Amino acid sequence: MKKILFASLLMLAALSASAQERKELHILSANDMHAAIECFPRLGFIADSLRALYPNLLILSGGDNRSGDPLNDMYEIPAYPMVTLMNMVGFHATAVGNHEFDSAQKGLAKLISLSTFSTLCANMEPDPKFNMHVKPYQIFDCGGISVGIIGITALGTMGLPESHPARMTDIKFFDPLETIKKYQFLREKCDVVLLLSHLGFDDDVKFSAELPWIDIIVGGHSHTQVKGGEDHNGVFITQNENRLKRVTHTTLVVENGKVVSRKAENIAVRGEMNENKVIREVVRYFSENPAFKRVLATADAPFSSYEELGCMMADAYVAEGKGDLSFQNAGGVRYDTHEAGGFTVADVLRLDPFQNEAVELNITGKELSEMLIKCYENDQKRFPYVGGMTAEYTIDPKTYDLKKLVLYGTDGKKLNLKKTYKVISNSYSVAVSPTNRKDEGQNTGIITAELIMKYLEHQGHVNYQGRTCLKEIKK
Amino acid sequence: MKLKVNRKNIEVFEGAQVRHALLSYFAWKGLDVRLLEQLTVLDRWGHEIDLDAPASQHEMIKFKLPYKL
């Protein structure tokens, strides 16, 4: 009888110990927020609510926190609003997205120094001169669960993240998969191993086959809307579309140092009710940034047509994009008058509000002519404004079909159709001008509004009164 | 950079977004580019993706219109 009682007590004790070791890890993850500061009051509310239920909530970003809203990206310290808001929401760590490099080396180092969360990226090594505090991994204690998080970023065709190469000088990058494998020791040290990835969904799935020791990949980069989470090769993968449409709340059950169950749900952020009011006030403060009233140049005479403003934009692309020629789709010039006097940052952002990036093409005069014709056809039969040249085009007055196009250089001579020119345009114009050309172009990673701002600042005074770059003949 | 949009091969500039691949597709097909914002865009797995997604991340995409053209 005594033996039976003793055995029962032992079993009870064992059961009780096992129950004590069953713990839940809660993760709130976002990715590719792209400066959606307007969504932070709602994100703050979601984080507060979950934290009230789960005090050890881990909040993570899969990278690309910036680049998407001038209120953030053109702040005095670029991207400072996002860092402040992420600090307020209580983020613990972020991956490094390719757009984090849009801040360039010193800018990124500055942002990291202002962050209360960790910046994790195992496959980059900045030169010490930048004082950039990027860690390859970090172990977090979440209510007794040790969580090892490795950060990783995608490399593009040039072996660099997709941003302007000049912004990554003196930063070394390494193969993502081989790098991750070096951190397998975390499996022994941690209850949960998490890959905070800016690789994109396809690579997350591909890599999962070789990384069975990882429990979960919190992803980003491809803007893939995963419903909750998906199991691929035994690894749980989450990701959301961009700009905080949704975030993911993941629950991992850990027993005896091992993840035994995983589930995730998407939570809608954009356009939803309930906000953190303190964060709302901070967003309002950032939205009323007086820096947007800064005068870049003085317009010595008023602008009084779309063409005058379009010519100015096209000139800016040539001057600041260091090109020979340029073009700007007519539909992308958003107002037709500007009075004489100060031309401000806000004026430029109203003129060119689309966040289009400048694209560089090395194409012949003939290939350029073909692109301009396509652009005309696909931009509601409006001829694009041009820089570094003038365009004389003949259209049918009834059908508006383009019948003839002649391009002239600034010297008044016809453009050499065989010569290769460096042409700068915006990403929209290039996309709506598909032709069979040798060079499809290269995104410079610089938004065209930024080129216009630089141009105005460098000019100091501008006068485009009566300026034309197009001559239309109806015949 | 090449990718497939509704099975058609499309070539776009390096660093393009899904939006630009769709714009090129619409331009080739002579479709009204204003329809772009109404599309549901799916990756090869059937996940929804947004127009700002990097084109380099998607070998093939397809889109659905909310109604028949």
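1. In the hairpin of β6(A) and β7(A), A:Gly143 takes a positive phi near 60 degrees. Two residues lie between the strands of this hairpin. This is a predicted model, so please read every value here as computed from it. Strand β6 (residues 137–142) of chain A and strand β7 (residues 145–153) of chain A run antiparallel and are joined by six bridges. A:Cys142 has A:Ile145 in β7(A) as its bridge partner.

2. Next, the helix pair α2 and α4 of chain A. Helix α2 (residues 40–53) of chain A and helix α4 (residues 80–89) of chain A have axes that come within 9 Å and cross at roughly 20 degrees. An angle under 35 degrees counts as roughly parallel, and α2(A) and α4(A) are therefore roughly parallel to each other. Their crossing is right-handed. On the α2(A) side the contact uses A:Phe40, A:Leu43, A:Gly44 and A:Ala47, and these meet A:Leu85, A:Met88 and A:Val89 in α4(A). By class, the residues of this contact of α2(A) with α4(A) are six nonpolar, one polar and no charged.

3. α4(A) also packs against another helix. With helix α9 (residues 277–287) of chain A, α4(A) makes an angle of about 175 degrees, and the two axes are 11 Å apart. Angles over 145 degrees count as roughly antiparallel, and α4(A) and α9(A) are therefore roughly antiparallel to each other. A:Pro81, A:Thr84, A:Leu85 and A:Met88 of α4(A) make this contact with A:Ile279, A:Val282 and A:Phe286 of α9(A). The contact of α4(A) with α9(A) has six nonpolar residues, one polar and no charged.

4. Now a sheet within chain A. Three strands form an open sheet in the order β22-β21-β26 (chain A), and the pairing is mixed. β22 (402–409) and β26 (470–474) of chain A stand at the edges with a single partner strand each, so one side of each has no neighbour in the sheet. From one strand to the next the twist averages 15 degrees. Strand β21 (residues 389–395) of chain A runs parallel to β26(A), with five bridges joining the two. One pair to look at is A:Tyr393 with its bridge partner A:Glu472 in β26(A).

5. Which helix lies across β21 and β22 of chain A? Helix α12 (residues 365–378) of chain A does, and α12 runs at about 130 degrees to β22(A).

6. Turning to chain B, the secondary structure comes to one helix and five strands. Along the sequence of chain B these follow the pattern β-β-α-β-β-β. The radius of gyration of chain B is 11 Å, close to the 11 Å that the globule rule gives for 69 residues, so chain B is as compact as a globular protein of that length. The C-alpha trace of chain B spans about 30 × 25 × 20 Å along its principal axes.

7. How many residues does each chain bring to the contact between them? Chain B gives 24 residues and chain A gives 26 residues. On the chain B side, α1 (18–29) and β4 (48–49) each supply at least two residues, and α1(B) gives the most, with five residues. The residues on the side of chain B that touches chain A divide into eleven nonpolar, seven polar and six charged.

8. A:Thr224 stands opposite B:Ile49 in β4(B). Further along, strand β3 (residues 40–42) of chain B and strand β5 (residues 60–64) of chain B are antiparallel and joined by three bridges, and B:Thr40 stands opposite B:Lys64 in β5(B).

Note on methods. Residues are numbered from 1 along each chain as its sequence is written. Chains are lettered from A and ligands numbered from 1 in the order in which they are written. This is a predicted model: local features need pLDDT of at least 70, side-chain atom pairs count only at pLDDT 80 or more; totals for chains, interfaces and linings use all residues. Axes are lines fitted to C-alpha atoms, for helices over the stretch in contact, and angles run from 0 to 180 degrees between N-to-C directions. Helices (H or I, at least four residues) and strands (E, at least two) are DSSP runs, numbered from the N terminus. Angles under 35 degrees count as roughly parallel, over 145 as roughly antiparallel, 65 to 115 as roughly perpendicular and the rest as oblique. A crossing is left-handed if the near helix is turned anticlockwise from the far one by less than a right angle, and right-handed if clockwise. Two residues are in contact if their C-beta atoms, placed from the backbone, lie within 7 Å. Ala, Val, Leu, Ile, Met, Phe, Trp, Tyr, Cys and Pro count as nonpolar, Asp, Glu, Lys and Arg as charged, and the others, Gly among them, as polar. Two strands pair if DSSP finds at least two bridges between them. The radius of gyration is taken over C-alpha atoms; the globule rule is 2.2 Å times the number of residues to the power 0.38.
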